Amino acid sequence: MKYISYLTIGIFFGIIMYKSEAASWFRIYEMFQFGSFHMYGIIGSALVIGVIGVQIIKKYKIKAIGGNEMNLHPKTKSVARYLIGGIIFGLGWALAGACPGPMYVLVGAGYYSILVVIGGALLGTFVYGLVKNKLPH
Amino acid sequence: MNLLYDPWPWYVAGPLIALTMFVLLFIGKKFGMSSNLRTMCSIGGAGKYSDFFKFDWKSQRWNLVVVIGAIIGGFIASQFMSNNKVIINPDVAQQLTTDYGIESAGEAYLPTELFATENLSDPFVLAVLIIGGFLVGFGARYAGGCTSGHAISGLSNLQLPSLIAVIGFFIGGLVMIHLLFPLIFS
C-alpha cells in the first residue's frame with residue numbers, strides 16, 4: 001500500500017519535470033546562457049515555498065506520519081566536497097542537460113539515448129565509491 | 001492557454017516541486033534523486049569493490065519506486081500532455097544554430113543532434129553522453145546530493161553545505177557552457 005504512494009509521488013514528479021521542461025536539455029542550456037527566467041523561477045519559487053514550509057514545520061514541531069521526526073537532518077560541514085563535487089556535477093549537468101531526476105523521466109518519454117547518460121552516471125557513482133577515500137572531503 | 005497541453009510556467013512547476021518535497025517529508029522520507037544511483041550500484045554488486053556500497057539498500061527501495069513513478073510520469077506527460085517541442089529564447093536558439101549547428105530548438109524536446117537514437121553510432125555523441133552522465137554521477141555523490149537534494153531540500157532547510165554545493169553547480173555549468181562548449185562543439 002505504501003508503495004502505491006511512492007509510485008504516485010514519482011508519477012506526479014515525472015509529469016512536473018516533463019511539463020515544466022526542466023527535463024529539457026534546451027532549458028538547461030538557456031539557463032546557463034541567462035536567456036530566460038524560466039528555470040530560475042522554477043527553482044526560486046520551489047525554494048521560497050520550501051524555506052517557508054520548513055520554518056513552519058520547525059516552529060510548530062510538525063511530525064511526519066506515525067509521529068516520527070521529519071527527515072531534516074543538518075548536513076556535515078565541509079567546503080571542499082561540496083564545492084568540488086558541485087562543480088563536477090555542474091559540468092555534467094550542463095553537458096548532458098539532465099540531472100538525476102529528469103534522466104528517468106526522459107526514459108519514460110522514450111528518449112532512449114538517455115540510458116547512455118544513466119549508464120555514465122552509474123559508472124561515475126561507482127568510480128566515486130572506489131576513489132572516495134583518496135578525495136578531500 | 002491550455003493548462004493540460006501547454007508547457008507549465010515556472011510559477012506552476014516550482015510550487016508543485018515544493019509540494020513533492022513536503023509530501024515526502026510528511027511520509028517520513030526525503031527528496032533526493034541521485035542517491036538512487038548508489039542504490040543501483042549496490043544492487044549490482046558494487047559492495048564487492050568498495051565499502052561505500054555496503055549499506056542497507058533495501059531501506060532505499062521506496063526511492064526506486066519513486067524512480068519507476070518518474071518513468072511512468074515521463075511517459076504519460078510525453079504521450080498525452082505535450083507536443084514535445086521546447087521553444088526557448090530565440091536569441092539562444094539562433095546562437096546554438098550558428099555556433100554549434102544544433103538546429104532542433106523549437107522542433108524537439110531534446111536536441112536531436114545529441115539524443116536521436118541513430119546518432120549513438122557517432123563516437124563524439126556517445127562520448128558527450130557518457131562523459132556528461134559520468135560527471136553528474138561522480139559529482140552528485142561527491143557533493144552528497146544533486147539538484148533535488150541540495151538546491152531544493154538542502155536550501156529549503158537553510159543548509160550552508162547545500163548553498164556551497166549549489167554555487168558549485170552553477171560554477172560548473174557556466175564553465176561548461178561558456179568555456180568548454182566552444183572547444184567541444186565547434
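In this predicted model, the buried residues of helix α2 of chain A are A:W25, A:F26, A:R27, A:I28, A:Y29, A:E30, A:M31 and A:F32. That is eight of the eight residues of the helix, residues 25–32, so α2(A) is largely enclosed by the rest of the structure. The surroundings come from both chains: within chain A, the buried residues of α2(A) pack against α3 (38–59) and α4 (80–96), and from chain B they meet α4 and α8. Just after α2(A), A:F34 adopts a positive phi of about 55°.

Chain B may be considered next. Eight helices and zero strands make up its secondary structure. Its C-alpha atoms fill a box of roughly 50 × 45 × 35 Å along the principal axes. Of the 186 residues in chain B, 48% are buried. Among the contacts in chain B that link residues at least 6 apart in sequence, 41% join residues at least 24 apart.

The contact between the two chains draws 106 residues from chain B and 99 residues from chain A. On the side of chain B that touches chain A, the elements giving two or more residues are α1 (10–26), α2 (35–43), α3 (61–80), α4 (90–100), α6 (123–143), α7 (147–156) and α8 (160–185) of chain B. Of these, α6(B) gives the most, with 17 residues. By class, this side of chain B holds 74 nonpolar, 27 polar and five charged residues. Two of the listed helices, α4 and α8 of chain B, are also those against which the buried residues of α2(A) pack.

Notes
Residues numbered from 1 in each chain as written. Chains lettered and ligands numbered in written order. Predicted model: local features only at pLDDT ≥ 70, side-chain atom pairs only at ≥ 80, totals over all residues. Contact = placed C-beta atoms within 7 Å. Helix = DSSP H or I, 4+ residues; strand = E, 2+ residues; numbered from the N terminus. Nonpolar A, V, L, I, M, F, W, Y, C, P; charged D, E, K, R; others polar. Buried ≥ 20, exposed ≤ 12 C-beta atoms within 10 Å, placed from the backbone.
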